[in-house]
Amino acid sequence: MAFSSRRGAGGWAQSLLPTTKPSAKQPRKPRKRTTAAFRDFVISNFFTIGLCITFVFFLFILFRFAAVPKPLQFRSSTSRARSTRPRKPVIHKSPNDTILAAAVDITTKELYDKIQFLDEDGGPWKQGWRVSYKGNEWDEEKLKIFVVPHSHNDPGWKLTVDEYYDRQSRHILDTIVETLSKDNRRKFIWEEMSYLERWWRDASDVKRESFINLVQNGQLEIVGGGWVMNDEANSHYFAIIEQITEGNMWLNETVGVIPKNSWAIDPFGYSSTMAYLLRRMGFENMLIQRTHYELKKELAWNKKLEYVWRQSWDTDETTDIFVHMMPFYSYDIPHTCGPEPAVCCQFDFARMRGFVYERCPWGEHPVETDQENVKERVLKLLDQYRKKSTLYRTNTLLVPLGDDFRYISIDEAEAQFRNYQLLFDYINSDPSLNAEAKFGTLDDYFGTLRDEAERINYSLTDEIGSSEIGGFPSLSGDFFTYADRNQDYWSGYYVSRPFFKAVDRVLEQTLRGAEMMMAFLLGHCQKAQCEKLPSGFSYKLTSARRNLALFQHHDGVTGTAKDHVVEDYGTRMHMALQDLQIFMSKAIEVLLGIRHEKNDQSPANFEPAQTRSRYDAQPMHKAISAREGTVQTVVLFNPLEQTRNEVVMVVVERPDVTVLDSNWTCVKSQISPEMRHDKNTIFTGRHRVYWKSSVPAMGLQTYYVANGFVGCEKAKPASLRIFTPSKQLSCPTHYTCANLESDTVEVSNEHQTLTFNVSLGLLQKISRKDGHLNVGEEIGVYSSTESGAYLFKPNGDAEPITKAGGQMVVSEGHLVQEVYSYPKTAWEKSPISHSTRIYITESTVQEFVIEKEYHVELIGHEFDDKEIIARYKTDVDNRRIFYSDLNGFQMSRRETYDKIPLQGNYYPMPSLAFMQGSDGERFSVHTKQALGVASLKDGWLEIMLDRRLVRDDGRGLGQGVMDNRPMNVLFHITVESNISSTAIPISNSRPLSPSLLSHLVGAHLNYPLHAFIAKTPESISVQPPPRSFSPLMASLPCDLHVVSFKVPRPLKYSQQSPGEARFALIFQRRHWDSSYCRKGRSQCSTIADEPINLFDMFKGLAVSNAKATSLNLLHEDTDMLGYSENFGAGVQEGHILISPMEIQAYKLQLQPHE
């Protein structure tokens, strides 16, 4: 059977692998008695214990230095075992070695170093060579061919997901069920749960039963089984886990299966993060397609297209997963049967006359197979199969048979199945052909391949390989940036539609926060009454999860869909955001004890401080009216796992305000004018009030903004300095202003001084106690007449756009110093303005950060075919080597190559990029949204902010990117000095890790405080009781991150028994570079070297029934997830220990303490 199978009839999944039933949790014994008994036992058995220790030590020496045969391992009778080869010896690394380096046969860096990227014409296989074979390769092991029918269904691209479903996908699923039911030799694979879930709602009971039968008898395999086939460049790992879990859990509950093979034929490049997450979800095999054509050629030449993907830090082979890379240009039928598309196209029987598809562009078309032509057709097809087979090591061959939205009608499906069956019957009836061909699934293919690899040793001499599966090389690295032909690099989609890339991340962190609040509401709830609010919200929460999941599709977050489809994604995300914010506004009242019984229908008394009027509008700050004699409540929610000290800001209509904490004590505050992107009216007339807050970990804190409170100092106004050549900027009332006369201006805090060029409005230099760094900020524009949604193809280098004579406002206060610049450009209205802020505060992460906020408006035809960048020209001698993150999870080393065009040296930057000099000095840029990054010259780091392109780039979309929207891009920049004498030389080929400070800066940027404001002001004469919510016993260690704390099945929560593990907690342990200062700079007191205790984690909540699980929350047999042996070992006692870089999931039950 294709999957770990069990009909999802309540409870979470068990896999087919045998499991021991967990015993009921024993109450913990009193510790004093245990200690005394243990002491007595040791004293009375002292001599015996000594002998035992001596004997154990002797055995250890014997096993360590003698050749002891390995124990035999047997295959499970119920499921194909992962591997019978022993793992390599485990080398235990100290928790924060600066570099953790896996031993592998291939790294993608070595491939890039070796390949010349000459784009040579290979003949019929244009990007390869003329493939040939001797003919005796299959004499001893015949060729086993699996033809795998499939249909690639994009959940949105040229049509919206609903339009595709109505016009195509529902008919395809109907067709599959009907045609496969006619003949059990027919097979099919399906990937996207977003379509299957919709079809399931519409399908009759008979169709549903047929579908389940086809899955259970192995004719139909669900591969991947995520909500979508996600993008791997821009998606954050939180959202990837969410979207796969959403699809996998629905599938398991509905059909009773859990996928174990991943199928990703269309993402535009591949991330090693995906391999890690899939392995930790219990997946066994992966298939990928869109990698650089030169890499495919190199791997094919050396028979390394199938390999074991290992994470770059993994010294213990715990992350290994087997990968099949498809060898040719595309996943369509002309490019999957063999190296010659002109021949393969003749075997796409849906291109015969009478069907809707394009005829073969090579001139020879498919014909119906019959008894007269079958031999000639077989020999022609088998020749292609044999040629393709020579590119791989085994004699088991995979041949996908499908394309976008194929198998739409019974006639089309029958044409493929009928003709191929005739061809197979002929092949199988002639022993002299040494081949066997049939329809198959991925599971059929990988199962047969693994069987063959166990019988025959395909390993090369000195190959490191893997204990996961014998006979194949090991590889680490990622597959960016993708090129499909010539100089066409797909680096444009790292930036396309950046407005919605930003909304995506706002939705992620809002969903995470709402899930957390839902878990606390239900955890602290003892009676049905308080379940009303969370249970009433369950449908909207599920919908929000699915709308986020949908946008992770490789034409969603990539920005590569038609305008009306982008609008559909945006509208769905906007609706989800609104629902989540309304729920959170109500939940804080319950958690703070303002109101105990609240349901989903009753109105909220709070509203978020930032709201959006429509799906494509910038968030607007709600202004507190602050009328005389009134006070307005502000509630701050901290979604991070450490107490947070941070300067916060809300907007007020009047400047004469005072800030009070929850005890009604005065808090020092600063007032500054609100500014906007408008040359003529930079000042809006509203004000920003800043104060330093302290909010408990994963908790809530209350503050008050008052007007007329006696005994407290009012918010102190910032002083302003203004540079305006045209003199049209007048000083806003309530502030003192001076003219900027000098060429440069400085702002500073205790740690750094920033120097700006006044006339250009750009940052020049960052000075610190231990020296200074020239930064040379530049804003530039690429002109690109061939770029499109996917491709970046500039006409030469970017040109700077700022000219002398822009406007500048310097706002200096005791908490925040800000430099606002509206530059002069060749255009009447500048496409960009920007603010730089530093914070004057102690014991915060903020004090070490330079905050850069760019307001970008690439709107209007004067900006057609322009791509705008921010560039920092520093004196860090990085030799054009830099590090950018993969999915917010890990770093990848990047190097600029002269043999590759400029666009091929651009890489994804979902959240962080940094450069490091030979002296260890680091310049890091954290971003709040996915963008593209490059280091084109020594010391340069440039980040693309937006792109406006008139033309289609020939990849099927049929339009350019012209729907730009005003947006803000937020960076947090840090400069750090190495404190270790052993700075890593930048020539090292391994990725470096961020510092601990860098991790915290990224967390604060991506998981900001959520502010909620009372809808109505109250009289200042009534002092409310102190209100806060502090749910954790203590802050968690600084390198431990709560990825998710949630109720996985909110719709089923009340139906599950109270003893069941109804909550899930996912942790990530960050790996940080210890050669950068830890304490002092990051306010860290603890790190996670010691186990943490789940039972002691929450205040007022008892944790029970804790168990380790897979990241998709479906496998409790943890052996299949690859973790080291100690995963889950102590969890019944509440102990969890996580190695750096690992993500681990636990299910548990929460109840209020008696």
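**Disulfides and a bent helix**

Mentor: C731 and C737 are joined by a disulfide, with an S to S distance of 1.9 Å. Keep in mind that this is a predicted model.

Trainee: What makes the C731 and C737 pair a disulfide?

Mentor: The cut-off is sulfur atoms within 2.5 Å, and C731 to C737 comes in at 1.9 Å, so the pair counts as a disulfide.

Trainee: What about C530, buried or exposed?

Mentor: Buried means under 20%. C530 has 18% relative accessibility, so it counts as buried. Its disulfide partner is C525, the sulfur atoms being 2.0 Å apart, and C525 is buried at 11%.

Trainee: How do you know which hand the disulfide of C337 and C344 has?

Mentor: Check the torsion about the S-S bond: it is about -85°, so this disulfide is left-handed. The link of C525 and C530, with 95°, is right-handed, and the link of C731 and C737, with 75°, is right-handed.

Trainee: How many disulfides turn up in the whole structure?

Mentor: Five, from a search of the whole structure.

Trainee: And helix 15, how do you know what its end-to-end distance should be?

Mentor: Its 20 residues, 532–551, should span 28 Å at 1.5 Å a residue; the end C-alpha atoms are 30 Å apart, which agrees.

Trainee: Where does helix 15 bend?

Mentor: At S538, by about 45°.

Note on methods. Residues are numbered from 1 along each chain as its sequence is written. This is a predicted model: local features need pLDDT of at least 70, side-chain atom pairs count only at pLDDT 80 or more; totals for chains, interfaces and linings use all residues. Side-chain values use heavy atoms; hydrogens and water are left out. Helices (H or I, at least four residues) and strands (E, at least two) are DSSP runs, numbered from the N terminus. The expected span of a helix is 1.5 Å times one less than its number of residues. The bend at a residue is the angle between axes fitted to the seven residues ending there and the seven starting there. Buried means under 20% relative accessible area, exposed over 50%, partly exposed in between (1.4 Å probe, protein chains only).
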